[in-house]
Each structure stands twice: as C-alpha cells, then as structure tokens.
Amino acid sequence: MKLFNRSPFTLIELLIVIAIIAILASMLLPALGKARGRARGITCTGNEKQIAMGILGYQQDNGDYFPPYKNADTTKNYFWCGHLVEGRYLGGHQQGFKVFLCPNKVNSKAASILATTEPTDRADLNNIDYGVNYRHIYSNRYGGGVAADGGTPWGPQAKNGQVRNPSTKLSFADSYFAATPETGGSALEWDNPNSGGLLSTRHGGAVNVAWTDGHVSTVKTAAQWGEIAGGGYYLKGSNFDPYIQPPFNTLKSWSRN
C-alpha cells in the first residue's frame, strides 16, 4: 500500500490562517486597549482617594483647614501637595509624590517629581497631575481678605465646616497645564485658558473628581483632549469645553458657600 506524505499546510491555507489571526487581533486589540484604559482610570481614582484621606488627616492636625494652595510664609514655601507629603499623610517623599501622578497621562516632569526630596521645590510640584479648587477652597481669592500666617497669599483657605453641601463641592480633579499640556497643573483655573491649570478629560472624555467630603467619582463629559505638547487648548465655550457642562458649569460646584 502506497502512502502519500502531505505537507501540513498549503500556501493558500497558511495565508487563510494568517488572515483569520489578523482579523481576530483587530477585534481583540481595541477591547484590550479599553480594558487597560479602564484599569488606569481605576488606579487614578485610587490615587485621588488616597490624597483625599491625606487631606482629612491634615485637617485633623490643622484646625479643620484644607491645606493652602501655596504658602505666604516663604520659609515654608510649599504647594498643597508638599504639605501632605512633608506631614507624612501620604508616606515618605518618593512614595508620597508618586500618588500625584495619573497613570493615564505621560507627564514630561514625572521623573523630576518622583525625585523631589524637598517640598519647597515648586518648579516641579506645580506640574502634578491633580489640581485643586484653589480660588474657593484652598484659598479665598474671590472672597478677599489677608493671608493668615503660613496661608495662601489670596486669603485663608476654607475650613471643612465652612463648606456647604461638601459632597457637591469640587476639592481637586484631573488637570493639565494649559501652556504645557504635556504636564499637569497643581491648581484649577477656568478664567485663564492660556496659562492656568485646567480640567483634564483624559479618561475617555471623563474627569476623576475628589469632592470636599472626601468621596471620589468619575464625571463623564462630551469633551476630548489629547494633552500633547503644542496641541492647543480647549476652545472656551465650545462643545469640547468641560467648563460649560454640568457640574463644572455652575459656581455652586466650586464655591465654599
């Protein structure tokens, strides 16, 4: 009986197999990318929850005050994140500053932020990935007043008990620095789109927000933002501007009153 040896695959069959693998890959890769994005978003909310707990610890030791956005006292010229790290509310220096970097953003200053050992190093700490509501909560820029000792130059920051409906008042959120979108911004502004820190919708159009009562939520918007160097800014008042979308479009979400 004569046996015929047959190659495992003909060329056509091999090409068909390769084509099927390519089709399956094209179907699976977007899903895997979305899954990675969701995982990074969950890590980001975890960062914000840890920071929010650190703020509550700071308040217990400092008369119920939120940390000042920055100090008027030049001998302790900290940004708000420096207060939390220096006070050991978030662990040591490198561990503490790591929590201020969002895993869904490539921050061009990440290495120097992680290497920071001095909380007064404002050149780098101004570009962390989370910005505070500094005009109403972390200072009193709109309310006027003179800075308290060690407080912000724009008037004293709020006490926890001074914030009405704290579960609806923004404490801090995902941010980027408008002038250099490849970095973050330590304070949120909405009237200075060309140089201030602005809300970032880097989680697929959503913003992770920590509220003044300490809870964290993800707020979906219609805005999209690439956050690349030289990529431009949100067009103020356009459909891609998160500041015209609820809850960011009302002073009630920002004011301590």
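Which residues have the most contacts inside the largest nonpolar core? They are Ile51, Trp80, Phe100, Tyr138 and Phe172, in a core of 32 residues.

Before going on, the basis. This is a predicted model, in which local features need pLDDT of at least 70, side-chain atom pairs count only at pLDDT 80 or more, and totals for chains, interfaces and linings use all residues. Residues are numbered from 1 along each chain as its sequence is written, and side-chain values use heavy atoms, with hydrogens and water left out.

By nonpolar core I mean a set of buried Ala, Val, Leu, Ile, Met, Phe, Trp, Tyr and Cys residues joined through side-chain atoms within 4.5 Å. Buried is under 20% relative accessible area, exposed over 50%, partly exposed in between, with a 1.4 Å probe and protein chains only.

Now the elements. The protein has five helices and five strands, in the order α-α-α-α-α-β-β-β-β-β along the sequence. These are DSSP runs numbered from the N terminus: H or I of at least four residues for helices, E of at least two for strands.

Back to the largest core. Two or more residues each come from helix 1 (11–61), helix 2 (80–86) and strand 1 (130–132). Helix 1 gives the most, five residues. Apart from this core lies another, of 14 residues, including Trp211 and Tyr243.

Take Phe100. Leaving aside neighbours within four places in sequence, Phe100 is in contact (heavy atoms within 4.5 Å) with residues including Ile51, Trp80, Leu84 and Tyr130.

For the whole protein, 44% of the 257 residues are buried. Of contacts between residues at least 6 apart in sequence, 62% join residues at least 24 apart.
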